[in-house]
Amino acid sequence: MSLRQRLSRLCTFDLVLILLIAVFASATASGQGGVTSAATSDACADLPHADHPRAFLSNGKLDAVLFLPDPVNGYYRSSRFDWAGVIGCVSLKGHRYFGEWFPHYDPLLNDSITGPAEEFRTANSELGYDDSAVGGIFLKIGVGVLRRTSTAPYSFGTAYPIVDTGTRSSLRSKRSMKFTQLITTDFGYSYRYEKTVKLDKHGAVLTLEHTLTNLGSKAIITDVYDHDFFMLDNQPTGAGMTVTLGFPVTPDKAFSKAATVSGKSITFNTTPERGDSPQGYLTGYTGKRGEYRIALEDKATRLGIEQTSQSPLAKFYFWSTPKTICPEAYIHINVAPGKTQTWQIRYSFKAD
């Protein structure tokens, strides 16, 4: 074989090797939850602040864009809501669900978050907060170890300094993404929290699957809810939008005239004014299965979302603004040391 033929064969081999390394590196980055190379749907293509780490899920019918947990570059890096599975957009038949409802975006603001944002909230406090002095630490599930900054009681509206976000990992497939957070502390609270965002194989359904395992010496007793931040095609809250629940609605106080309560439904009569939106605690549920049902429909566009769970309702709060509708259904969490609790929430999207 001539010297020229040997060099030619060597160059060809090197080229193939380089291509194989590039393909492997790309697949590895995607599997670790980096910014995916897959194009989003047209409805989610103009997603605001899409320069943050994200992942794209699709079943060919329903598309979803997820912002990924990242303490340096993440879309959400504050101390209130669970960092895992922040949903920036869901689209179906060219229609868009969820969006930025707030006037100003800042990743360090408590409420700069979209989609069915989940918050763990212990009654009037957080795990270890009341036992800590100023400068001490406490725990917020889904966020991490936080630092107490004053003698004041815990406030979910305060952005507390984040000391430790734990060990995080993610595993992505075409239709799902699993997030895992491991937190270990020396004050009795430790856990492994797994959350999977999954699209049905064919239908217009997104499911949130949760597993919380108590690895500490103290019981984990808290509640969790999805704030939701419902938005339909980025249209304002308005007349004809109706929320139907799985129980007869009894508000704890008179609602704004912007909405009417009747039976199991809350129907908006007009776009509420800023500072005068329908909100308050709701009662009427009994703790039975089937009562966790929330169905939002815009009668003008026939767009809708139905949210269900087999878990019993522990508490229910309704909140709204001129831009978003937020039913908040609470699930009680009580996990003894060494035990595990699981729960699921299912979102079904409608576009006629």
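A: Happy to. Let's start with the whole chain: among contacts (heavy atoms within 4.5 Å) in the protein between residues at least 6 apart in sequence, 62% join residues at least 24 apart. Please keep in mind that this is a predicted model, in which local features need pLDDT of at least 70 and side-chain atom pairs count only at pLDDT 80 or more, while totals for chains, interfaces and linings use all residues. Residues are numbered from 1 along each chain as its sequence is written, and side-chain values use heavy atoms, with hydrogens and water left out.

The protein has one helix and 23 strands; these are DSSP runs numbered from the N terminus, with helices being H or I of at least four residues and strands E of at least two. Of its 352 residues, 50% count as buried, meaning under 20% relative accessible area with a 1.4 Å probe, protein chains only.

You will find Asp-228 in the loop between β13 (220-226) and β14 (241-245). What Asp-228 does have is a polar contact of 2.7 Å between its side chain and that of Tyr-347. Such a contact is a pair of N or O atoms within 3.5 Å; within protein, one must be able to donate a hydrogen and the other to accept it, and residues adjacent in sequence count only if both atoms are side-chain atoms. Leaving aside residues up to four places away in sequence, Asp-228 touches Phe-98, Gly-115, Pro-116, Ala-117, Gln-307, Pro-327 and Tyr-347.

Let's follow β13 into its sheet. Six strands form an open antiparallel sheet in the order β5-β13-β22-β21-β18-β15, where two strands pair if DSSP finds at least two bridges between them. β5 (118-121) and β15 (250-251) are at the edges with a single partner strand each, so one side of each is left without a neighbour in the sheet. Between β5 and β13 the antiparallel pairing runs over four bridges, and Glu-118 stands opposite Asp-226 in β13.
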